[in-house]
Amino acid sequence: MKIPARCCAVLATIGILTLAGCGSRASGNTINIGISGPASGAFAAQRSINDGAEAYFRMLNARNGGINGRRIEVSRADDQYDPSKSPAAVRQLVLRDQAQMMCSAVGSPENLAVKPYLGVQKVPNIAPATGATALFTPTSSTQFGVVPPYERETANLVRFAVQKLHAQRIAVAYEDDDVGGPAVDGVKYEVNRLGKKLVAALPISRTSTDLTAEASKLQAAKPDFTIVWAVAVPLSLLVKNAHQIGFDPVIGGPFFAADSSTVALTNGLISGRSYWENWIVATTDPPAALARTATRRYFPSDAFDSNVLQGWSLATVCAQVVKKATANGRPPTKDNIRAAADSLRVDNPYVHGLSWSHGSHLGNSEERVYKLVGSTFKPWTKPTVLPPVPLTKP
Amino acid sequence: MSATAAARRRLFTSRTAVLLAALALAPLAAELGGGPYIGYAFALGTAFALSVLGNNLIVGYLGEANLAGGAFLAVGAYASAIALAHGLPLWLAGLIGIAAGAVIGALLSIPAARVHGHQLALATLGLAWAAPDVIRYAEAWTGGSDGMYVPTSGGIPAGLGGLADTYVVTGIFVVCALLVLVALRGRAGRLLLTHAEAGPAARGFGVRAWAVAMLAWGACGALGGLSGVLYGHIVGYLSPDEFTFQVSLFIFVGSMVGGARSVPGAWIGGLLAGAVPQLLSDIPGGGSILTFGVVLAAVVALARIGLYPSLELLGARLRPARKEAADE
Amino acid sequence: MLAAQVLITGIVMGAIYAITGAGLVVIYRTTGVINFAHGDVAAVGLFCAYGALRLGAPYAVAAVVAIAASAALSALLGTVIGSRLFRRRPVLDLIVLTISAGLILQGLEGVVVGQSVRTFPAVAEGGLTRIGGVSIRVSDVVVVAVCVVVFLALYLFFDRTRTGTSMRALNENAEATRLLGVPVTRLRTLAWVLAGALAGVAGLFVAPIYSLQPTSMEVLVVYGFAVVVAGGFESVVGALVCGVLVGVLQNAVSVFASSKLVLIAVAAFMLVVLAIRPTGLLGRRPVVRV
């Protein structure tokens with residue numbers, strides 16, 4: 001009679017675990033696409049990337065009944081932007097929801113954490129929302145990138161500043177992490193190549209409370225053009241602190257900060273004097289109208305910004321892969337999807353000049369620079385081919 | 001002395017061992033019933049249970065709060081992964097992970113013999129905050145923010161295992177749990193228990209407080225290190241973002257909730273700290289955190305001595321009633 | 001010049017940490033609880049203030065809303081933790097309760113207001129004085145001034161009023177104080193209210209820097225704890241001194257060394273202080289029973 005209490009404890013726990021795992025989805029004439037990214041936690045605002053991707057697939061379902069007559073089943077998993085949670089999130093998508101491919105998975109370490117697993121499961125990771133080169137160098141049979149390598153993006157900004165703004169003295173402030181490292185390498189490479197001067201390279205922290213000291217160091221370096229390769233919060237903080245000491249530099253920013261948060265956080269401060277490297281179309285561009293309508297419809301609480309549009313653009317690439325893989329009635333197996341992606345060129349209204357071949361799954365090779373005018377990012381250059389900066393060794 | 005005796009009796013029932021053996025069936029049930037992704041969460045929770053088991057030594061026997069569980073986890077995980085990366089065999093890398101944890105634990109016991117209560121708890125929390133930044137700073141070894149893969153060794157792929165992985169982890173937990181039980185039964189256990197139940201008197205009899213502290217913290221560090229070794233093998237990828245101070249809080253919470261002197265309680269606590277957050281990730285928005293918080297508060301409110309001991313107590317209360325009913 | 005700037009910015013941040021630390025000390029002194037939900041309480045208050053601002057309220061009204069809401073929520077938390085259900089619980093249980101309260105509040109915020117990053121205005125936007133190359137913002141001056149006023153008020157309250165002095169005695173011996181006719185429960189609730197208000201004030205100063213989202217007030221707990229551990233759990237003055245020390249240290253390390261080293265330096269500072277004085281810089285030495 002002493003056993004029951006213990007058995008109850010054990011059985012209850014097992015029961016809870018089991019119940020939580022029920023509800024697997026059977027796949028019939030559908031394509032199961034797994035989407036992972038943060039939906040809670042400190043970086044939950046990034047979920048709008050995944051929302052944008054899902055909006056695109058739902059729009060395809062509503063308009064065309066899916067792709068090649070197959071409905072798209074989207075499964076999402078929350079990894080809280082935490083690489084220890086992404087293995088579980090992705091296992092859930094692959095094993096429980098039987099995802100045949102991943103699309104628009106958010107985050108560099110999060111994607112790196114599941115790279116070996118996806119490799120063994122042979123599940124293609126199409127168009128993750130990260131420019132981490134370690135995913136694609138050396139070329140992996142399951143990783144297919146869209147976001148350009150950060151080295152080449154910052155180099156492009158430098159080239160833009162030198163050629164169009166006649167900048168001589170370049171400075172860079174960067175988040176001291178896996179994103180900032182390659183960004184600085186790109187700046188250094190291009191500044192040297194063009195024979196200009198790198199006057200300051202300052203690490204800034206995502207968790208800094210005050211960047212006045214960094215701002216005054218920048219001010220002392222007297223740059224003509226300052227690249228701030230950071231997410232919205234530290235970028236805005238640096239801009240605000242610099243303004244407070246009477247220093248209003250011309251700013252170059254990354255695509256991942258070219259969104260509504262930055263506009264709100266900087267409160268008009270950098271309007272008219274900031275340029276943004278972006279592979280995504282501007283929210284005001286005509287093609288964005290469709291994305292805006294779909295997002296309003298499926299995710300009415302999301303602000304329509306470049307995050308949403310990023311997810312949407314990534315999803316267009318995923319959809320094109322699926323379309324090619326399932327042409328002529330072929331089933332959307334993991335193998336077919338990988339084979340289709342292994343040689344592909346994408347030129348649609350959202351993504352230009354993306355090409356994957358057997359030896360290279362790196363991201364976009366063309367980008368444009370945008371200028372922040374008022375509260376909108378206006379296209380400022382034509383799409384140009386990014387400088388061929390050698391990639392930072394992972 | 002009777003309190004000590006009672007405490008010991010409660011600890012070392014052979015039924016506990018039987019129960020642990022029964023737990024060995026749980027992975028199979030989890031895997032078959034819930035699928036491999038439940039198995040992953042289960043394995044992770046069981047790995048966390050080792051950290052919780054170590055924490056129990058501190059909470060249950062020293063009466064202190066250890067909020068550096070995540071730091072021990074990180075030390076074990078990185079130490080063994082770095083050893084593997086240098087080509088050492090798996091067993092040696094595992095031992096290095098355990099030893100690294102033990103060393104950090106033993107070092108921590110030096111200030112811990114002087115500082116107590118809240119001061120100590122929050123000083124350990126300081127280690128937990130610093131851990132991710134230490135990892136970032138030691139870039140040459142740890143890969144910094146880029147993270148590092150746990151290298152494969154001896155044909156055992158890291159981060160890919162299914163049922164077998166889960167079984168290995170559960171097996172190691174059961175072995176460690178038995179070792180802890182046996183150790184507590186011996187001289188070390190007597191030392192700890194007398195210290196816990198009658199600290200000043202024990203000191204009067206010549207029990208050295210620093211020795212007790214070093215023993216408990218060292219063991220806690222070793223178990224935390226082992227927990228980290230297993231964690232690394234389950235997840236397969238280490239990066240500073242995984243070892244935030246919340247991990248330490250969850251490990252602490254796990255030992256409080258499971259029952260700070262109960263070995264099966266440690267397992268329940270580990271699942272709560274390691275597996276439940278993974279499983280709740282299906283709930284959108286802040287719902288997962290909300291649910292976790294509510295569950296935690298409810299357990300604290302309802303189970304005053306920890307979940308597992310409370311269930312035991314409940315069972316004991318129900319039994320006589322049932323007997324009477326049978327008599328009638 | 002840079003050093004002077006680092007010092008000034010450090011003092012301003014330190015003032016905020018000191019206010020946070022003071023709130024934690026007030027709770028600890030009267031109830032013996034370490035409050036892990038301190039930052040989350042502030043966050044809820046700030047979201048209320050944010051709502052008020054959106055409705056067109058002026059900053060002053062929003063500030064009052066933030067402080068009042070934090071104080072009310074803190075009182076609620078204190079009432080639950082002090083309720084009969086948890087009366088005879090060991091203090092570690094109560095700490096777990098505050099941890100779960102923090103998670104619940106974060107979760108609720110996520111569900112109710114969502115996770116997006118919001119801007120929160122500073123107490124005074126713009127406005128700047130330059131003294132010999134060192135820039136000082138109007139908001140910096142306000143922060144330091146408020147900090148001075150808060151600590152003067154706390155000093156007067158705890159040292160010169162009857163309520164304050166009885167509160168100080170609470171944690172030392174609640175039963176004895178109760179027998180002396182001191183309304184223990186009411187005083188404890190008052191302490192939670194006071195601490196909540198202090199959290200609200202600190203939050204108002206932190207929110208413009210970190211922006212507002214459910215997790216952004218965690219920083220209050222991290223630095224606040226460092227301050228009270230180093231300063232001594234019982235000492236309000238310790239919180240002030242260590243608040244400023246931690247603020248300056250944090251800034252100096254991030255500017256002169258690396259921002260990666262900030263938390264390591266803060267943790268090391270804490271450990272060094274404890275190694276020299278186990279009860280904190282201004283904490284009392286415990287009475288040794290012989």
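Predicted model: local features only at pLDDT ≥ 70, side-chain atom pairs only at ≥ 80, totals over all residues.
Biologist: What makes A:Y81 a buried residue?

Modeller: A residue is called buried if 20 or more other C-beta atoms lie within 10 Å of its own, and A:Y81 has 23 other C-beta atoms within 10 Å, so it is buried. A:Y81 is found in the loop between β2 (71-78) and α3 (86-96) of chain A, and its phi is near 60°, a positive value in a residue other than glycine.

Biologist: Is A:H166 buried or exposed, and how do you know?

Modeller: The cut-off for exposed is 12 or fewer other C-beta atoms within 10 Å, and A:H166 has 9, so A:H166 is exposed. A:H166 sits in the loop between α5 (150-164) and β6 (169-175) of chain A, and its phi, near 55°, is again a positive value in a residue other than glycine.

Biologist: Why does A:S274 count as buried?

Modeller: Against the cut-off of 20 or more, A:S274 has 25 C-beta neighbours inside 10 Å, and therefore counts as buried. A:S274 is found in strand β10 (residues 274-278) of chain A, and, leaving aside residues up to four places away in sequence, A:S274 touches A:I251, A:G253 and A:L372. The C-alpha atom of A:S274 is separated by 32 Å from that of A:S36, a residue 238 places apart from A:S274 along the chain.

Biologist: Turning to chain B, why are α5(B) and α13(B) called roughly perpendicular?

Modeller: Helix α5 (residues 69-85) of chain B and helix α13 (residues 245-258) of chain B pack at an angle of about 115°, with their axes 6 Å apart. Angles of 65 to 115 degrees count as roughly perpendicular, and the pair is therefore described in that way. In the contact, B:G69, B:G70, B:A71 and B:L73 of α5(B) meet B:F245, B:V247, B:S248, B:I251 and B:F252 of α13(B), and the residues of this contact divide into six nonpolar, three polar and no charged.

Biologist: What does the secondary structure of chain B come to, and what share of its residues is buried?

Modeller: The secondary structure of chain B comes to 16 helices and two strands, and buried residues make up 60% of the 328 residues in the chain. Of the contacts in chain B with a separation of 6 or more, 81% are between residues 24 or more positions apart.

Biologist: In chain C, what makes α9(C) roughly parallel to α11(C)?

Modeller: The axes of helix α9 (residues 218-231) and helix α11 (residues 262-276) of chain C come within 9 Å and cross at roughly 20°. Angles under 35 degrees count as roughly parallel, so the two helices are given that description, and their crossing is left-handed. Here C:A226, C:V229 and C:A230 in α9(C) meet C:V266, C:F269, C:M270 and C:V273 in α11(C), and the residues of the contact divide into seven nonpolar, no polar and no charged.

Biologist: How do you know that α9(C) is mostly covered?

Modeller: Of the 14 residues of α9(C), 13 are buried. From its first C-alpha to its last, α9(C) reaches 20 Å, close to the 20 Å expected at 1.5 Å a residue, and just after α9(C), C:G232 takes a positive phi of about 105°.

Biologist: Why is α1(C) described as largely enclosed by the rest of the structure?

Modeller: Because 26 of the 30 residues of α1(C) are buried, it is largely enclosed in that sense. Just after α1(C), C:G32 takes a positive phi of about 75°.

Biologist: Which element gives the most to the side of chain C that touches chain A?

Modeller: In total, 24 residues of chain C are in contact with 25 residues of chain A. On the chain C side, α1 (2-31), β2 (134-137), α8 (184-210) and α10 (236-257) each supply at least two residues, and α1(C) gives the most, with five. The residues on this side divide into eight nonpolar, 14 polar and two charged.

Technical notes:
Residues numbered from 1 in each chain as written. Chains lettered and ligands numbered in written order. Contact = placed C-beta atoms within 7 Å. Helix = DSSP H or I, 4+ residues; strand = E, 2+ residues; numbered from the N terminus. Nonpolar A, V, L, I, M, F, W, Y, C, P; charged D, E, K, R; others polar. Axes fitted to C-alpha atoms, helices over the stretch in contact; angles between N-to-C directions. Parallel < 35°, antiparallel > 145°, perpendicular 65-115°, else oblique. Left-handed = near helix turned anticlockwise from the far one by under 90°. Expected span 1.5 Å × (residues − 1).
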